[in-house]
Amino acid sequence: MNFSIRFAAPEDLDSILWIMECACRSVPDPAWFVASGRDFLQDCLAGKGFILLAEGLTGPSGFLVVKYPGDEPGHLGRDAGLPEAELPRCAYMDTVAVLPEARGNRLHIRLLAAAEQALSGSSRCHWLATVHPQNRYSLQNFTACGYRVAATRKKYGGLDRHILYKRARLL
């Protein structure tokens, strides 16, 4: 299948929420995927990050949310062992979801590559994500893109998560 990837706009929010709802219903274990809320997504669209949307012939098929965490409590950079001075240079590959019928097309990997490209050249050179330890699909996609497990912690109200880390290549 052919897909294009673009930056999402506020008018894409309902499509993103619909993809997320479909993804939540399709995972084998509900602990694998914690859905983001409308307010969080609106904040990312308003400059606290960005959202990439993958579209196929039938419309929106997947998305990836990149969040700029600031100095929030529970910062993943601390979990990964980064010094405090480096925390402002972090970006989270926060939420990735692909419609079940679009899976198998490497969209997760393609969305990650597009997000990394969008971040390249910025000061955000520490890229972090969380994955449930048993979600081998997501974990394989991240590790195939060069992310490594930096730690395993309880996140999102006590759910086990690997904290994944990748340092951007400096040119």
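Visitor: Is His108 buried or exposed?
Guide: His108 is buried, with a relative accessible area of 10%. Keep in mind that this is a predicted model.

Visitor: Why does 10% count as buried?
Guide: Because buried means under 20% relative accessible area, and His108 comes in at 10%.

Visitor: Okay, and where does His108 lie?
Guide: His108 is part of helix 4.

Visitor: Which residues does His108 touch?
Guide: Not counting residues up to four places away in sequence, His108 touches Val96, Val98, Ser138, Asn141 and Phe142.

Visitor: Let's talk pockets. What volume does the largest pocket have?
Guide: The volume of the largest pocket is about 820 Å³.

Visitor: How many residues line the largest pocket, and which lie nearest its centre?
Guide: There are 35 residues in the lining. Nearest the centre of the largest pocket are Phe33, Val96, His108, Asn135 and Ser138, so we meet His108 again here, the residue that is buried at 10%.

Visitor: Which element gives the most to the lining of the largest pocket?
Guide: That's strand 4, with six residues. Helix 1 (13-26), strand 4 (90-98), helix 4, strand 5 (126-131) and helix 5 (136-144) each supply at least two residues of that lining.

Visitor: What does the lining look like by class?
Guide: The lining of the largest pocket has 19 nonpolar, 12 polar and four charged residues.

Visitor: Back to helix 4. Where is Glu116 found?
Guide: Glu116 is in helix 4 too, which covers residues 107-119.

Visitor: Is Glu116 buried or exposed?
Guide: Glu116 is buried, with a relative accessible area of 13%.

Visitor: What is Glu116 in contact with?
Guide: If you leave aside neighbours within four places in sequence, Glu116 is in contact with Met93, Trp127, Cys145, Tyr147 and Lys166. With Lys166 there is also a polar contact of 3.0 Å, side chain to side chain.

Visitor: And how far is Glu116 from Ala168?
Guide: Their C-alpha atoms are separated by 8.0 Å, although Glu116 and Ala168 are 52 residues apart along the chain.

Visitor: Now a lysine. Is Lys154 buried or exposed?
Guide: Lys154 is exposed, with a relative accessible area of 55%. You'll find Lys154 in strand 6 (residues 148-155).

Visitor: What does the side chain of Lys154 make a polar contact with?
Guide: The side chain of Asp160, at 2.8 Å. Leaving aside neighbours within four places in sequence, Lys154 is in contact with Leu159 and Asp160.

Visitor: New topic: how many aromatic pairs are there?
Guide: The count comes to four aromatic pairs. One of them is Phe7 with Phe50, an edge-to-face pair with 5.3 Å centre to centre and 65° between the planes. That pair links distant parts of the chain, with Phe7 in strand 1 (residues 4-7) and Phe50 in strand 2 (residues 49-56), 43 residues apart.

Visitor: How accessible are Phe7 and Phe50?
Guide: Phe7 is partly exposed, at 49% relative accessible area, while Phe50 counts as buried at 9%.

Visitor: What about the rings of Trp32 and Tyr137?
Guide: Their centres are 6.4 Å apart and their planes sit at 55°, so that pair is tilted. This pair also links distant parts of the chain: Trp32 is in the loop between helix 1 and helix 2 (38-48), and Tyr137 is in helix 5, 105 residues apart. Trp32 is buried at 13%, and Tyr137 is partly exposed at 46%.

Visitor: Which residues do ring pairs link into a cluster?
Guide: Phe7, Phe50 and Tyr68.

Methods:
Residues numbered from 1 in each chain as written. Predicted model: local features only at pLDDT ≥ 70, side-chain atom pairs only at ≥ 80, totals over all residues. Heavy atoms only, no water. Helix = DSSP H or I, 4+ residues; strand = E, 2+ residues; numbered from the N terminus. Buried < 20%, exposed > 50% of the residue type's maximum accessible area, 1.4 Å probe, protein only. Contact = heavy atoms within 4.5 Å. Polar contact = N/O pair within 3.5 Å; in protein donor to acceptor, adjacent residues only side chain to side chain. 1 Å grid on protein atoms, 1.4 Å probe; cavity = no way out; pocket = protein on both sides within 12 Å on 5 of 7 lines; lining within 4 Å. Points joined across faces, edges and corners; volume = space filled by probe spheres on them. Nonpolar A, V, L, I, M, F, W, Y, C, P; charged D, E, K, R; others polar. Phe/Tyr/Trp six-rings, centres within 6.5 Å; stacked < 30°, edge-to-face > 60°.
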